[in-house]
Amino acid sequence: MAQKLQNRRAPFRLRTRGSLIAATVLLQAMVIGIGCLAVLQVSKTELETGVRGRSMEQAARATGDFAKHLETVVEGPIRRDTPEWEAAQKLVQESQPREGGTLMLLDQTARVLCYPVESGGRMPNLNLSQQRLTLYPSSEEIELAQLRPTSTLMADTTLATGPVVLAMVDAPAQRVKVVLVQSHDSIRAAARAMSARALLWTALGGASVLVITMAGSTLLVRRYDSMLMRANQQLQEELDRRVRRGLNIRNALVFGLAKLADYRDTDTGKHLERICHYCEILAKDLKGVFGEITKSWIENLKLASSMHDIGKVGVADAILLKPGKLTPEERRLMELHSLIGADTLIAIRRRVGDDTLINMAIQVALSHHERYDGTGYPYGLQGEQIPLAARIVALADMYDALTSRRVYKDAMSHEEACKIIRVSRGTHFDERIVDAFERNQAEFEKVRREMHASDGQDEIPPLVVAVERANAAQRLAA
C-alpha cells in the first residue's frame, strides 16, 4: 500500500523552458495577488472612512456655496407659491450635486419647502421637525427643528430610505435651512469604486512585473537551454536516421523473403515488382472511395503485396512446377499455400510484435484468393469480409497472371485480360476495384509493357532452369 502511494505521488519536475517560465510567473502572480488582497482587506475600513470624510467635506462645501448663492438670487423670506419660492425651487433643481445626494430647502418648522422633482411630479409634503440627528463629530443627538446653524454642520440620521449623512446650514435672511442628504449606500459605492480603481492600478502594476519577469525569464532560460535544444535536435536526427535504416532493412528482408518464394514459381522478381505497381495504381485511385487508404497505407500495400504467394515455399515442386492440369488432390495441396503463408507471417509477428505491415501482409497472404461472391478459398469469405488489401491484390495478381507467359500457357493480350476482369465484376472482384481498374487500364498496359519479358520468351522459373542445366550436365558426363 505504501509503495502504491509513493508511486502516485510523482514529483513535479520542470522539464521544459515553457514550464519553468510558467512556474516562475505563476509564483509571482500568486504572491502579488495575495499581497493585493491582504492590503485591500486591511485598508478597507480606512478607505471607507476616508471616502466618508471626503464626502462630508464636499457636502459641507456644497451646502455653504448654495446658501451664499441663494442670498444673491432671493433677498427676502421664501414662502410657498411666491416668486421668491419659484426662484428658489428653480435654483434647487439646477444645483443638485453631481456626486450624488439630494439638495433641499426646509422652512423654519423643518418642513420641506423646495425639493428637486421631475417634470410633472409633485412636491413631497414631508415634516422633518422631529427627525433625530447625531451630530458629527460630537455624537450629540438633537431634533432637526431645534437647529439654526450659522455654519455648516454634519450629522447622521436615518430616513425612510435608510441611513444618510446630512449637511445643513441656516439662511436667516430667507428663513430657510439648506440641507444636503447623501445616503450611506452612495458613500460605500464610492468607496468600492475607489477600491476598484486601486485594485486596477495594483493589477496593472502586478501585470507589468509579470511581463518583465516573463521576458527576463525567457531570455535567461533561452540562453541556458540552447545547448540542450541543439543536443536534442542531433539526437532526434540520429534516432530518425536509425529508424529509417531499420525500416529499410526490414523492408529489404521482407522483399527478399518474398522474392525467394517467388524464385521457385515465376521469373526473377519482375512478377513481384509488377504486382507492387499494379496495387499502387489501384490504391491511389481508390483513396477517396475507402477512408482507410492513406499514403502510409499505400506504401505498406506495395510491400505486403509482394508476400501474397510466400506460402508457395511449402508446396512440393512436383505440384508447383507441374506443366499440366492439377488433379483435385493436387489442387487442394496447392490451395494450402495461402494458409502456409499466413502462418509463416504470424510466426514472424509473434517475434517482432504488432506491426501494421506484417498485419497487412497476413491479410494479403491469407485472403488474396477469396472471391467477392464467397466462392474463393481458403475460408469462402464474401464481400466486405475480405480485407481491402487482399481484394486489391487479388485483381492485380489476376491481371499479371493472365498477361504473363509460362511454359504451360501463352500470355493473353491486355484487351483479353480486361474483358475477363470486367466479366468478373461483382463475382470474383469488388465492383469498385474493377471500376478503378477500368479507369487506369492505360497505366496497367504501360507497366506490363515495360516490365514483361521480351516477346517470344517464356518466364521460366529459375529453379526449373537450374534443374534442367543440372540434368544436362549429368547427361554429358555419362
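**Figure 1. Helices H5 and H6 are roughly antiparallel to each other.** In this predicted model, helix H5 covers residues 270-285 and helix H6 covers residues 295-305. Their axes lie 8 Å apart, and the two helices pack at an angle of about 150 degrees. Because angles over 145 degrees count as roughly antiparallel, the pair receives that description. The crossing of H5 past H6 is right-handed.

**Figure 2. Residues of H5 meet residues of H6.** From H5, the residues involved are Ile275, Cys276, Cys279, Glu280, Ala283 and Lys284. Their counterparts in H6 are Trp297, Ile298, Leu301, Lys302 and Ser305. By residue class, this contact of H5 with H6 comprises 7 nonpolar, 1 polar and 3 charged residues.

**Figure 3. The peptide bond between Tyr136 and Pro137 is cis.** The omega angle of this bond is about 10 degrees. Pro137 belongs to the loop between strand E3, residues 132-136, and strand E4, residues 141-143.

**Figure 4. A cis peptide bond leads from Tyr377 to Pro378.** Omega is near 10 degrees for this bond. The loop that contains Pro378 runs between helix H10, residues 356-367, and helix H11.

**Figure 5. Ala401 is a partly exposed residue of helix H11.** Helix H11 spans residues 388-403. The relative accessibility of Ala401 is 36%. This value falls between the limits of 20% and 50%, and Ala401 is therefore classed as partly exposed. Ala401 and Ala411 are separated by 10 residues in sequence, and their C-alpha atoms are 8.2 Å apart in space.

**Figure 6. Asp81 has a positive phi angle.** Phi of Asp81 is near 65 degrees, and the residue is not a glycine. Asp81 is located in the loop between helix H2, residues 17-73, and helix H3, residues 83-94. With a relative accessible area of 61%, Asp81 is exposed, because the cut-off for this class is over 50%.

**Figure 7. Arg175 also has a positive phi angle.** For this residue, which is likewise other than glycine, phi is near 55 degrees. Arg175 sits in the loop between strand E6, residues 162-171, and strand E7, residues 176-183. Its relative accessibility is 46%, and Arg175 thus counts as partly exposed.

**Figure 8. The protein contains 15 helices and 7 strands.** The protein has 478 residues, of which 37% are buried. Its accessible surface comes to about 28,300 Å², and carbon and sulfur atoms account for 55% of this area.

Note on methods
Residues are numbered from 1 along each chain as its sequence is written. This is a predicted model: local features need pLDDT of at least 70, side-chain atom pairs count only at pLDDT 80 or more; totals for chains, interfaces and linings use all residues. Side-chain values use heavy atoms; hydrogens and water are left out. Helices (H or I, at least four residues) and strands (E, at least two) are DSSP runs, numbered from the N terminus. Buried means under 20% relative accessible area, exposed over 50%, partly exposed in between (1.4 Å probe, protein chains only). Accessible areas come from the Shrake-Rupley method with a 1.4 Å probe; for residues, only the protein chains shown count as cover. Axes are lines fitted to C-alpha atoms, for helices over the stretch in contact, and angles run from 0 to 180 degrees between N-to-C directions. Angles under 35 degrees count as roughly parallel, over 145 as roughly antiparallel, 65 to 115 as roughly perpendicular and the rest as oblique. A crossing is left-handed if the near helix is turned anticlockwise from the far one by less than a right angle, and right-handed if clockwise. Contact means heavy atoms within 4.5 Å. Ala, Val, Leu, Ile, Met, Phe, Trp, Tyr, Cys and Pro count as nonpolar, Asp, Glu, Lys and Arg as charged, and the others, Gly among them, as polar.
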